[in-house]
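The structure comes first and the look-ups follow.

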Amino acid sequence: MGPWGVLQPIADGLKNFVKEENLPGGASRWLFYLAPVISMFPAFVVFAVIPFAAPLATPWGTVNMIVADLPIGFLFIVALSSLGVYGLVLAGWSSNSKYPFLGGVRASAQMISYEVALGLSLVPILMLSGNVSLPEIVRQQQTTLWYVLPLLVGFLCFAVSYFAETNRLPFDLPEAESELVHGFHTEYSAMKFAIFLLAEYANLITASALMATFFFGGWDIPFWSGDNMAVAADGTVVGATPAWWITMLTAVVFALKTAFFVFVFIWVRWTVPRFRYDQVMALGWKVLIPLVVVYIAVLGVAMLVLSGAGIEFGLAYVGWLAALNVVLFLAVFFWLDRSRVVTGAGWRQVRSYQLQSRR
Amino acid sequence: MDLSQIVFYLFAGVAVASSVLMVTRKNPVYAALYLVLTLFSIAGLFVLLDAHFLAALQVVVYAGAILVLFLFVIMLLNLGHAFEPDIRGRFWWVFAAGLGLVLLAELVAVMRGAPERPEADIVGPLLEARGAVAAVAEPLFQSYVVALEITGILLLVAMVGAVVIAKRKA
């Protein structure tokens, strides 16, 4: 449809609106209709606390480019993103059908497991920044380094658990089309089915924006101090002077960073095959959670040593943490890769057969 | 009536209505969902009281994690007999009603003994100075650290017990 197929999504949307809606027999009508709505809602609401551009000075005062600068900052994100699973669980349960039900049960188990890892992987950010406010975290990254460097292992854990939280491949067990016939949305048709997919992609964009904000400087333009500004409590701008073109430019940079992570999400989807269910659970409980807990302890000791050595929070402080993290990251990578998680399913079995036949 | 009052009555009304519905629904899945709604509107009431951190925790812990676990258990254990009542026999009905009355009496007694809300706004300046999280975290980890640690050990014991029971069956 259209030049380069750009009109295809519109055609698909129209098609989905005019298709027949069905209600499976014995389904709970209310929950069946409510489930797509619930799965759509958190992805959009979370975006309200993400700062997306440099503050803009207008004749009516400074406008901070964030919809709601809440006092609880990113705790709001943790709270809301855990609610998306209700959509999946209720869709699975209300369909009154076996495969969707299994998908719903899987969704709830997976979400509970990975939410722990997700919450814990935000603790390093809290420790380093001493703050839950997202504009303040962006501000600190502007004046020091992007937090992906001093919190490299934390970023790894955050990324993996957010992949599981958004139910993207390799963690899309709730819909696993080869085993569960698309899982929780098997019985859905027309626009309600499309809304589940739209919610998944909305979640994906929100997750990308969060990664950009937490670990890649938010709307910060690297190697340029002309955009290093923040709104103080009394409404005045500290740092560089705001201008409309800086706001525009930072918004574009933020969109580019988000788009990059959307690309990574889709890239991983087409590269990595789906995990087996017990592997997903083992990765969450036996690898990610212990890893994050140990990392928090190591980071705490490192920060204590640094402040004991008289280094204040600043470029040197963050630089030392970055050096430590590169070492830790390599150690973690080699620990993971000792043919346990990264190697394919059943490989240990194959090797044990090889060993037996050699004897 | 200003805006915050309207919002209060909205949240309070939803909380009361959904908790009544939670008790009266026959289907346990619906009951659990009404409980989610109740907890959500109570989180809204916490925000109105400037307890932002408590509201966030309410949604993270109760609505986001514990109730998902509830749903998981209800969905798995109630397969095939969704509408069976838990209370059977007249004796248990009377027992449950008595227990409910005792709880109500306790609640009334606690409410009567509750201290008056102080006239001066002590919460606002504290939040302004320390932020929503530190205002809760500082007393928790300094004045009440022993109680916090004991609670942690209690939870750990319960967790170890659950793991032991689960292991024995397997």
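I took buried to mean under 20% relative accessible area, exposed over 50%, and partly exposed in between (1.4 Å probe, protein chains only). Helices (H or I, at least four residues) and strands (E, at least two) are DSSP runs, numbered from the N terminus. I worked on a predicted model, in which local features need pLDDT of at least 70, side-chain atom pairs count only at pLDDT 80 or more, and totals for chains, interfaces and linings use all residues. Residues are numbered from 1 along each chain as its sequence is written, and side-chain values use heavy atoms, without hydrogens and water.

Entry 1, helix α6 of chain A. I found 8 of the 10 residues of this helix (residues 134-143) buried, so it is largely enclosed by the rest of the structure. Among the buried residues of α6(A) are A:Leu134, A:Ile137, A:Val138 and A:Arg139. I noted that the buried residues of α6(A) pack against α3, α5, α9 (190-215) and β3 (229-231) of chain A.

Entry 2, the interface. I looked up contacts (heavy atoms within 4.5 Å) and found 22 residues of chain A touching 24 of chain B. The buried area (accessible area, 1.4 Å probe, that two parts lose on being put together, summed over both) is about 2,000 Å², with 85% from carbon and sulfur atoms. A:Tyr86, A:Trp93 and A:Ile112 supply 27% of the area that chain A buries against chain B, more than any other three residues.

How values were computed:
Chains lettered and ligands numbered in written order.
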